[in-house]
Amino acid sequence: MRLGRAIRSGLPIVLSRVLFVSAAASDPCVKVAGLTFADPAEVIACQKSFPFNETLRQNVLSVVSRVFDFYTFEDFYLNSPPPFQESTTNIRAELARINATKYPTDYDFNLDLYNFAHQLNDGHTAWFPACYMSYQNILPAPVVILEGEVFITPDSVEFLTLLGPDFTNFFAAKNFAWQRFAGAKVLSIGGLAPFDYIDKIAREVSGNYLDHNVRVNSVVSSYRISGTDFSQRLGDLAGPVFITQTSLEFTLIPVNSTKSEVVDFPFVADFTGSPFTDGPSYWANNCAANNATNGVDRKNAGPSPDTTLQPGAEPPRLARAAIFDPAPPKSAVGLPGPFLPTLTPTNGSTGVIKSFVLPGNKTGVMFVGSFEGDFNQFPVDVEAAVNQFKASGVKNVLIDVTNNGGGFVCLGLFLHSYLAGTNFGLPGFQSTSRANPLAQKIVTADIALGVNSNLAFYPGDNWLFLNGTQMPANFDYNTPSVPAIVNGRSQPTSQRFEDVCPPSPVEIPATPPFDLENVAIVGNGDCASTCSLFTTVMFERHNTKTAIFGGNPHQDIQYKGMAGNQVLEFSDLDTEIKTAGLKDDPLAPPDLLVNANMRHNWRIAYSFFNEKLPIAYVSEQPQLRFQYTTDTYNNPQNLWTFAESKLFSG
């Protein structure tokens, strides 16, 4: 996550006076200033040097509480349905507890709030304080689950040395030879059995996904596409984003040994924030609100920076459904060379999609790393890959969605539509937003002000009626609201609708380009948001074969991670309110005084199997499960070849 750097003008000067350390000699931030890799204990000392401030707590909790008024899943958490009970909580009671708790530092307050929101296990809904997420903690012992047992990643040397000499020199200075433990079998972690500790991290740290075993796959290291390149995740055990640990004890058996060893692995904190020299500059550059923190009135925001638009025109707002997943550390960890595919990529493989034809020309692979990136290039790349598949005589199509965190909603709908053909009909799901009193006021105000979909998400012309026709911008779909009772509480919703998407830059075929019985999906379950919507519509409407790799072999696993229909960042919601002229409404949240983001799931998508139940709460397991092996855990090409042999008959 990268929040804007510029300092927001007009913030209360008094906050800086009470938060900054007075004497440089006693300022612990000076000790870590300018270091790319620092001792976590010293980073924590810096971050804990900012005392608790009641003004900031009330500002933050006012924002958080009023954002939750729009949160579509709030009352589902009172009694989460099986198998998702682990996330059950009373959100308002937790906010009251946080408001009443005495905290010694601003760090402790933010950590408590972060943990509460993160443990909702909804990647669309979380508190992200940039002040305390400007470092990533790295353990030189990422773990993997191979054939039901836990190991330090066999490629950890090749992988972690890509972080550069500053990383390796940090441990060399400590005379800690982490390299010799690559591939070691793990007997215990933190005094617990390996899977017990992995379960603990899945419960307390991972977040993002409702299903516990999907979170288990997030704990461990795995391949993915980051940006437009193959890369490798550290995993949530070895790469948490909040600095809370300084070391972690393992009992393990190194490769080529039969004797167990107890080893205390030190963490190192990797700085990914804005440069600073001391406590005051750390706060100013990483903690104080800036020009990107809060929203704007888009009616009066000035000319668009997009020079392709007509004068006075604004680009349409594109709906996104994506989790926040820590990016690789600043020095960019790629997938080590020995694990990169050796096949020649097809046309259309320079963006977030990497496509290949497997040996034998029977199966084409489309590794869809995300639904982010270049919105207009994505459809072009899909068409290019499909055309090359056809030219190569491909019969089967394997879609890999490993660690796909989602992205633009309409790109997920496009991919489904391209594979199913336009004759299938509407490619998405019925959706609603929460019709709270402020939401109703926003729609009413937008209509009165003539606001349309070019400026905001609330106007009706963002949506289709269920018959497939577009709503006019002046249609009030929030009034009357639709009564709904969730766990005994009234939670009225908007009327139901589907998404309007911009015209595709490529022609979508009327009929499927491949027999849908010969299309299959593979992944690790860490398929979020738009990715979950895509895999769910393929499964529910076409019975697409789905195989999930990894996880705890003794636990069930879902094929999708989380399936909210659209996320709004705090600046997005604030923009909706300001554009509607309602910032002074008593129900509106104030501007944030700190550099942070309280995002939330703004829309629900409903299952085709049960149109009264959100997709997120429908338990849907894959038809096939496989454990990772030393050949497949971090080698996409080997995994695809294995999957081809198991999912396709010929």
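Analyst: Let's begin with the side chain of Ser-349, which reaches the backbone nitrogen of Ser-355 at 3.0 Å. Keep in mind that this is a predicted model. Where does Ser-349 sit? You'll find Ser-349 in the loop that runs between β12 (320–322) and β13 (353–357). With a relative accessible area of 12%, Ser-349 counts as buried, because the cut-off for that is under 20%. If you skip its neighbours within four places in sequence, the contacts of Ser-349 are Lys-354 and Ser-355.

Now follow β13 into its sheet. This is an open sheet of 6 strands, and the order reads β13-β14-β15-β22-β23-β26, with mixed pairing. β13 stands at one edge and β26 (624–626) at the other; each has a single partner strand, so one side of each has no neighbour in the sheet. On average, neighbouring strands here are turned by 20 degrees against each other, ignoring direction.

Further along the order come β22 and β23. Strand β22 (residues 519–523) and strand β23 (residues 545–549) run parallel and are joined by 4 bridges. For a spot to look at, take Ala-520, which stands opposite Lys-545 in β23. Then there's the helix: α15 (residues 530–542) packs on the sheet and touches β15 (396–400), β22 and β23. The direction of α15 makes about 140 degrees with that of β22.

So, back to your serine: Ser-349 is buried, and its side chain reaches the backbone nitrogen of Ser-355.

Definitions and conventions. Residues are numbered from 1 along each chain as its sequence is written. This is a predicted model: local features need pLDDT of at least 70, side-chain atom pairs count only at pLDDT 80 or more; totals for chains, interfaces and linings use all residues. Side-chain values use heavy atoms; hydrogens and water are left out. Helices (H or I, at least four residues) and strands (E, at least two) are DSSP runs, numbered from the N terminus. Buried means under 20% relative accessible area, exposed over 50%, partly exposed in between (1.4 Å probe, protein chains only). A polar contact is a pair of N or O atoms within 3.5 Å; within protein, one must be able to donate a hydrogen and the other to accept it, and residues adjacent in sequence count only if both atoms are side-chain atoms. Contact means heavy atoms within 4.5 Å. Two strands pair if DSSP finds at least two bridges between them. Axes are lines fitted to C-alpha atoms, for helices over the stretch in contact, and angles run from 0 to 180 degrees between N-to-C directions.
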